[in-house]
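Good morning, colleagues. Please turn to the sequence and the structure on the screen, and I shall take you through a few selected features.

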Amino acid sequence: MFWDKLTFPIIGLSPMDGVTDAPARFVAKKYGQADIIYTEFVSAEGLWRIHKRGDAEEKIWKDLKYGEIERPVIAQIFGSDPEAFYESAKIIYQLGFDGIDINMGCPSPGLEKRGGGAGLIRDKCNAKEVIEATRKGSGGLPVSVKTRIGSAEPDESWWRFLAEQNLPVVAMHGRTFKQLYKGEADWDLLLKAGEIIREGGTKFLGNGDISQIYCQFGPVQFFGSAASTSQGSEGIPAPKLDSSSTDSLIFAVGLKSGKKIDLFGKMDGVLIGREALGNPWILRKDGYVPTLKEKLQVMVEHAYKYQELMGNDYGKEDYQFFPMRKHLVSYVKGFEGSAGLRKQLVTATSAEEVDDIVSAFIL
Ligand SMILES: Cc1cc2nc3c(=O)[nH]c(=O)nc-3n(C[C@H](O)[C@H](O)[C@H](O)COP(=O)(O)O)c2cc1C
């Protein structure tokens with residue numbers, strides 16, 4: 001199973017509907033060196049229905065399009081009907097994915113009410129059935145869960161439930177369903193949940209508000225000030241100065257709030273979502289920061305990739321470049337002339353146009 005072969009720490013691109021399409025995932029892998037990649041979520045019921053109908057034109061197939069570079073690549077599904085999970089797991093297996101992830105965290109109120117996404121947190125009985133049905137249809141692919149710390153409130157019984165499900169991995173966003181995306185992700189609770197879930201041998205990936213990764217391998221000279229715990233005073237326990245030992249490793253995250261959290265020995269990795277938009281380099285473990293020129297060149301490559309992968313109908317009337325624009329503007333922030341460049345890019349209608357705009361800017 002690929003989860004066991006990944007080296008610590010695991011850094012993955014968090015799934016984002018409408019954002020982490022195949023071109024964005026290509027960039028996250030090529031330039032961010034992401035260890036794992038999830039597709040945007042797709043409806044288990046929808047996938048089953050469309051597959052039965054044999055409708056090759058449906059958008060769902062575009063959502064499930066992936067390139068070899070993305071491996072290991074995990075398809076994420078949502079819903080509440082175990083039978084649909086069973087049937088869609090069989091389809092995902094046939095499509096050649098490396099793993100299947102069940103969404104138990106989507107805060108869409110409609111979906112939650114119907115018992116899907118975060119709605120599964122309040123119905124452990126059905127959550128169990130969904131996991132078992134997915135496993136049954138998976139052809140042996142690893143079945144993981146991505147969820148939140150609780151429904152209305154943080155919920156330790158939910159963490160204990162997950163710990164008992166024999167899952168290879170649980171990824172957890174440090175907000176409740178009720179919080180949606182408000183407030184801050186609670187990493188103290190994620191550390192507690194991680195402790196419980198890892199006890200039974202399940203790997204744990206923390207998620208929410210990460211803006212930086214601190215990872216240092218080999219003999220560690222420097223220590224303490226760059227990474228302190230959320231309490232702020234303890235600092236990270238000093239590793240041994242031994243390059244052959246994994247003890248000589250810093251693994252910590254910086255959050256949007258400015259807090260820095262030591263994760264070494266406490267979590268197996270993290271998922272990063274919003275901050276990776278226009279910044280795939282954030283997923284890297286070596287702290288690499290691209291030059292502005294490189295960033296813009298990768299943006300152009302991303303635009304061509306978008307055209308190649310999503311625009312097989314390029315030239316036809318229904319092809320639309322505009323979903324690419326949100327990526328373009330996220331690459332272009334915080335440097336001299338960025339506002340003017342953004343203004344030009346938001347009206348671009350093709351990768352060639354993006355290329356011309358960037359060439360004129362760089363010259
Ligand atoms: C636009 C958007 C779409 C999302 N779609 C999904 C999804 O399809 N599946 C999922 O599990 N989480 C989804 N999420 C949640 C993210 O994967 C992640 O858990 C959340 O954004 C917190 O991480 P971050 O602070 O690093 O972005 C989405 C988030 C955003 C902002």
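Helices (H or I, at least four residues) and strands (E, at least two) are DSSP runs, numbered from the N terminus. Residues are numbered from 1 along each chain as its sequence is written. This is a predicted model: local features need pLDDT of at least 70, side-chain atom pairs count only at pLDDT 80 or more, and totals for chains, interfaces and linings use all residues.

Confidence comes next. The protein chain has a mean pLDDT (the predictor's confidence in each residue, from 0 to 100) of 90, and 89% of its residues reach 70 or more.

Let me turn to the backbone. Most residues other than glycine have a negative phi, and most peptide bonds are trans. Gln 33, which is not a glycine, has a positive phi of about 50°; Gln 33 sits in the loop between α2 (22-30) and β2 (36-38). The peptide bond from Phe 8 to Pro 9 is cis, with omega near -10°, and Pro 9 belongs to the loop between α1 (2-5) and β1 (10-13). Arg 71 and Pro 72 are also joined by a cis peptide bond, with omega about -5°. Pro 72 is in the loop between α4 (59-63) and β4 (73-78).

Finally, what surrounds the ligand? The shell has 22 residues, counted where the C-beta atom, placed from the backbone, lies within 6 Å of the molecule. The closest are Ser 14, Met 16, Phe 41, Gly 273 and Arg 274.
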